[in-house]
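Q: Please take me closely through the pockets of this structure. Then show me what lies around them, chain by chain.

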Amino acid sequence: MELTDLYRDVILDHNRKPRNFGPLAPADASVEGLNPLCGDRLTLRLRMDGDRIAEIRFEGQGCAISTASASLMTEAVKGRTRAEAQALFDGVHRLLTDDAAPSEGLGKLAALSGVREYPARVKCASLCWHTLASALHCSGRAASVSTE
Amino acid sequence: MNGAAAAHAAPGFDVAAVRRRFPVLARTIHGHPLVYLDNGASSQRPTAVIDAVNDYERHHHANVHRGVHTLSQEASALFEAARDSLVGFINARSRHEIVFVRGTTEAINLVAQSYARPLFEPGDEVLITHLEHHANIVPWQLLREQTGIKLVIAPMDTRGEIHAGQVEALMGPRTRLLACAHVSNALGTVLPVRRLIAAARERGIATLIDGAQAVPHMPVDVQALDCDFYAFSAHKMFGPTGIGVLYGREAVLERMPPWQGGGDMILAVSFAKTTYNRLPYKFEAGTPNISGAIGLGAAVNFLGTLDLDAAHAHERALLARAEAVLADVPGLRLIGTAAEKAGLVSFVVDGVHPHDLGTILDKDGIAIRTGHHCAMPVMEFFGVPATARASFAFYNTFEEIDLLAASIERARKLFA
């Protein structure tokens, strides 16, 4: 396992230039995600159009894995329905935890597959997804999630 | 840094010989020789400690202070011999002043609950500093909820120094206890504890020193310090985990009620009344961590075989070299630049998050700590979510410091 399997070009690029980064107002949901062990912290805001995620942006501080994962996630779920976003979450979760997981249908998110070789870093990659799940669950009120 | 300097340790200290006494240092990690720079979190064990624990487990284990049979007596003798080693290690007055606990955290909680809680009134003040480990913050917050005490925080400057005058200025008529670190785990700052303790004593304020990061790096003499309590953990001074010491001045310990109830801390129990055991057993309820204590005693005896002045001088040289070498890494900022530091460098690198740095260094066999170091107020003060921390022991080498710097440079390039 080489370092470049973890820090692939896609990940380095999204860490350097995170997409959909910044505030979003007005927002239907604003959820803070926290990884207390690392101090990773991100705020995810989204605007819904019926059942569809019309706009999604994030802000915060985190390592390259957590920043790139959040950036890739916002690109992947924008314009998707709740059910589609949940299906992507399930796919990424399998990708991060199961060696045999297929990466079909995940597009650029497949770049996260190297993370599963680094169990201590899986939480970095999944923080944004847990935050998204919470945001979709409770759009309309403030909430926060924690990986601990 | 020139090559000649890199090839040698501090004069008079044979690092190679010391390293041979720590078996794990011969390991490779991801194909590289282990460079263990996470001693502030937990140091490695010498063969002497491993063998002492192993010998006890194989040949002498039984419960202590209970049996008339041979094994119980052997176990008790080994356990109490470890306590005697600790008396000498910190120059306590007697074995009554050495209470075995799980570690520094438990020691501080013991003082909060058994010393402070029965004595302190609402509005009384416990004085700590801004750089404390969570273990010396949270027990006082719990006490605050229980008793209505006030927690007063002495300030830290931008170098991570604590100035005695500023702490003394906060010692008022309601201050009952000064509880502070001897050495900061997040910054390496050595606090002016001697002066602080003297100032506290003049004002009738009790003192508790968190010595977890001090005992591995400097001689500690509790009588010279003149503190009421001193707490430390075995596993940061080459002993096992799950064992540590609360030193308490005997007269103070005598007045305190027991910490927990159970076996070993009693002389006689009836349903009407229990007579507590004498010191230190009053504070050691339940079957103790016998092998841990024996391992800690072995660690103390191991340290006794070293030229500690030379070992500590070597550590100071490591620190000086680390600060010099890291200063040359572009974009690297040292967090904590106190004039007097011990054993560690905490830092951040532009464009490289500490956790990524930790993963990348590990690939090169280098173990460092990344995160908030259980000192979140310190991180907040310096405006960083986390730092990378390389913490040294006397078995580290100048070459390892150079490998650290080279590996950081590689990480920087990856993220550039």
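A: The answer starts with the pockets and then turns to the chains.

First, the ground rules. This is a predicted model, in which local features need pLDDT of at least 70 and side-chain atom pairs count only at pLDDT 80 or more, while totals for chains, interfaces and linings use all residues. Residues are numbered from 1 along each chain as its sequence is written, chains are lettered from A and ligands numbered from 1 in the order in which they are written, and side-chain values use heavy atoms, without hydrogens or water.

Pockets and cavities are found on a 1 Å grid over the protein atoms alone. A pocket is an open set of points with protein on both sides within 12 Å along at least five of seven lines. A cavity is a set where a 1.4 Å probe fits but cannot get out. Lining residues have an atom within 4 Å of a point. Grid points are joined across faces, edges and corners, and a volume is the space filled by probe spheres set on the points.

The largest pocket holds about 580 Å³ of space. It is lined by 25 residues, and the closest to its centre are A120(A), G358(B), I368(B), R369(B) and T370(B). Three elements of chain B give two or more residues to this lining: α13 (354-363), β15 (366-367) and β16 (369-371). Helices here are DSSP runs of H or I with at least four residues, strands are runs of E with at least two, and both are numbered from the N terminus. The top contributor is α13(B), with four residues. By class, the lining of the largest pocket has eleven nonpolar, nine polar and five charged residues. Nonpolar covers Ala, Val, Leu, Ile, Met, Phe, Trp, Tyr, Cys and Pro; charged covers Asp, Glu, Lys and Arg; the others, Gly among them, are polar.

The second largest pocket holds about 430 Å³. Its lining has 29 residues, with Q61(A), G62(A), V352(B), H353(B) and P354(B) nearest its centre. Chain A gives two or more residues from each of β2 (40-49), β3 (52-61) and α3. The lining of the second largest pocket divides into 15 nonpolar, nine polar and five charged residues.

Follow α3(A) from there. Two packed helices are described by the angle between their axes and the distance between the axes. Helix α3 (residues 64-77) of chain A packs with helix α2 (residues 9-16) of chain A at an angle of about 90 degrees, with axes 8 Å apart. Therefore α2(A) is roughly perpendicular to α3(A). Axes are lines fitted to C-alpha atoms, for helices over the stretch in contact, and angles run from 0 to 180 degrees between N-to-C directions. Under 35 degrees counts as roughly parallel, over 145 as roughly antiparallel, 65 to 115 as roughly perpendicular, and the rest as oblique. On the α2(A) side stand V10(A), I11(A), H14(A) and N15(A). They meet A64(A), I65(A), T67(A), A68(A), S71(A), L72(A) and E75(A) of α3(A). Contact means heavy atoms within 4.5 Å. The residues where α2(A) touches α3(A) are six nonpolar, four polar and one charged.

Now chain A as a whole. It has five helices and four strands, which run α-α-β-β-β-α-α-α-β from the N terminus. Its C-alpha trace spans about 45 × 30 × 30 Å along the principal axes. A cis peptide bond runs from A25(A) to P26(A), with omega near -5 degrees. P26(A) sits in the loop between α2 and β1 (29-35) of chain A.

Chain B has 15 helices and 17 strands. Its radius of gyration is 22 Å, close to the 22 Å that the globule rule gives for 416 residues, so chain B is as compact as a globular protein of that length. The radius is taken over C-alpha atoms, and the rule is 2.2 Å times the number of residues to the power 0.38. Chain B spans about 70 × 55 × 35 Å along the principal axes of its C-alpha trace.

The largest cavity holds about 70 Å³. Among its 13 lining residues, N39(B), G40(B), P216(B), H217(B) and F392(B) are closest to the centre. The lining of the largest cavity has five nonpolar, seven polar and one charged residues.
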